[in-house]
Structures are given as C-alpha cells and as structure tokens.
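Open the model in your viewer and keep the selection tool ready. The tour moves residue by residue, then strand by strand.

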Amino acid sequence: MSQMKAAPAEPFGLKRDAGGLAAGIKVLEKELQRVSLDTVLAKANRVAARKGSTGAGAFAKMTPKPVDWYCFDANDNVTREWYPQGLTSASDAGIGGNTFVVSWYHSPASGAERGVRLTFLNTATLRYRHVLLVRVAADGNIAPINIHAGGVAWYGGLLYVADTTRGLRVFDTRQIFEVNGEGTAEIGRKGGRYEAFGYRYVMPQTDAWTTTSGTVSFSYTAVDRSTTPHTLICGEYVDTAGTVGRVARWSLTAQGAPNAPAGGVVQAVDAYALPVSKVQGALSYNGTWYLSQTAGAAGNGTLVVVGDTVRRRPYPVGPEDLTCVRDKKTLWSVTEFAGRRVVYGVPL
C-alpha cells in the first residue's frame, strides 16, 4: 500500500480561461515570422558543459553523485537576476530527442520586470537558448509575464507553466516568433517593430487553466505517462512547521489538454497529502512518487521516494522541479542557487 495518503480532489478543479489570447496571436502571425522549435535549437547561442565544475558546489556532501549533469554558462550560473525553477523534457512530451526545458523567473535588483523565460537545452549539441514568455494584447502588443514559474511540464506541443495562485498558463512550441526589432532593452510593439528585452524569440501565452476554488497553490508541475490516460501533476510548496502540501493529477486528452467537459470544470482524478514539507517538485511514475525536498541554500536537499515505504536519498543543494527520461530510467531536476546551477540526473 502506498504511503501517499488520499486527500479530497474537489479543491483542485480547473476551468479553461483563454481570455481572448487568440486575437493577439493572430496579429503576431501577420507581423512576425513564426519559427519552429528545431530552428530555435539550431540557432542556440549559449554553450552548456556536460559534467562541468559547477557540480562540485551543487553536489557537495552528496554521495553518490548524479550519474550525469549539465551546467549553464558562467553568466547564467552566477546571475542573481534570474533563478531556474521548473524542468521538463522531451520524454515528458513524448516526442523523443535530447531536449530539456528550464523555466526561470526574473528577480530584478533594479529596472524593468522581465517576467519568465524558458531555456531550451539540446544535450546532444550542448547548446541552449533562452526564449522570453509574453502575454499578447488584442492589438498585438506584448508584455512580460510576472509569475514565479515554479514548474513547467511538456506534453505534445504544449508547455504548462505553474502560476502559483491562479493555476496553469499554457504555451505552444508551435507558436514561437522571431522578434524584428533592434534588440534593445525595451519590450513592446512600436509601428510594427517588436522589442523583447534583447531576446530573439518570444512565446506568447496561448491558453490558461485557472483554479475554481482559490484554495490551492500551483508550485510545480510534471507529467505521468505511466497512467492511462496520461496525467498532468501539480503540487503545493509548504514550509510552515507541522504542515504539508498536497499534490493532484488531471487526465490529459491526446491533444494534451486537461480532459474537461465542454465549457466545464475539469476535476482532478486524485489528490494526496504529501508525507513531508518543503517539496519543490513531485513526479509519479509506475506507481511510485518522487519528491524533491529542499533544505534551503545552506544544506543538501533530499529525494523522497514514496511507494510501499518512504525512502530518503541524497540530493543536491537547492533541488527544484522534476522530470524523468523514461528510456534511460533516470530522474532529473535543476538546482536554483547562484554559483551552483545544474541540470542533473539520478537513477529512478
């Protein structure tokens, strides 16, 4: 019997809320060139390091070390303007390949809020690129999306980004646009020219699923492809002493959307109370739950594996969201703290 204790699923209702996003995207389609994800990866402008030295800080006191890891470049490793949070993979999407996607939130010391970016990393080429997420107004103007983006999940062509208090924002890998401005530090549309803080590519929000209860948090997200049908996972980060968060799963259609009645509310198929607090990521696979538990910036985290028993395995400092690469039987996460940022994998 699983040590995950059932919780009421009713608070985890979601309702679709596209909010007129389609009108703005139609304007983008007329004014900007839409590009494929393959193009973004082919034009990746940053270089990752496989098993680079950054891992020494992240994996201090961790035994055994991860079986594999990838480090960002020097600037991305040390910046305090951006913090990595979410992680998903081509394995989640079901498309094959060697791509990881990392969500980062902006924490400006000064200047404009830049919202959220996604990093597309091709581990075969060791190259990656940041893409800015934007919200598009009906007239085609673009603006940053100021959320924590604590988790990201990829299914088919869709990317789900956790919005802590609202639910899930949806982006589409088939809706990526190349900016046509001068690459300035501004954002917006002026006379048919677009700026995006110097980013070459933007992804507009295409959809949203919002909470119907307002009593749950969306701190991280993942995909379980071992259920029938496949399910989308979201859970809560709670650090209050004596209190734990919850996690829930929703069935997905073949197109990747939560399986809701037309115009109605999609209910979670199940929900559970987590056995520990301070969980930054949760993934279920073949009936076992994997939870990444943080100990802050000063100590190593813990990988909590929940099945018939609860097991604790060594984890790095600052573990975040979870994904798995199913054909390699590896579990992956990303660490968040400056100077110790890696995408890393351990055996399932």
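**Stop one: the cysteines**

Select Cys324: it is buried (under 20% relative accessible area, with exposed over 50% and partly exposed in between; 1.4 Å probe, protein chains only), with a relative accessible area of 0%. This is a predicted model, where local features need pLDDT of at least 70, side-chain atom pairs count only at pLDDT 80 or more, and totals for chains, interfaces and linings use all residues. Residues are numbered from 1 along each chain as its sequence is written, and side-chain values use heavy atoms, leaving out hydrogens and water.

Now find the cysteine sulfur closest to that of Cys324. It belongs to Cys234, 16 Å away, too far for a bond. Cys71 is buried too, at 3% relative accessibility. The whole structure has zero disulfides (cysteine sulfur pairs within 2.5 Å).

**Stop two: Trp289**

Which residue in β26 is the bridge partner of Trp289? Pick Val306. β25 and β26 pair in the antiparallel sense over five bridges; strands are DSSP E runs of at least two residues, numbered from the N terminus, and pairing needs at least two DSSP bridges.

Show contacts of Trp289 (heavy atoms within 4.5 Å). Beyond four places in sequence, they include Met4, Ile233, Val247, Arg249 and Tyr272.

**Stop three: the sheet**

Colour β24-β25-β26-β27, an open antiparallel sheet of four strands in that order. β24 and β27 (310-317) are the edge strands, each pairing on one side only. Neighbouring strands are turned by 20 degrees against each other on average, direction ignored, using lines fitted to C-alpha atoms, with angles from 0 to 180 degrees between N-to-C directions.
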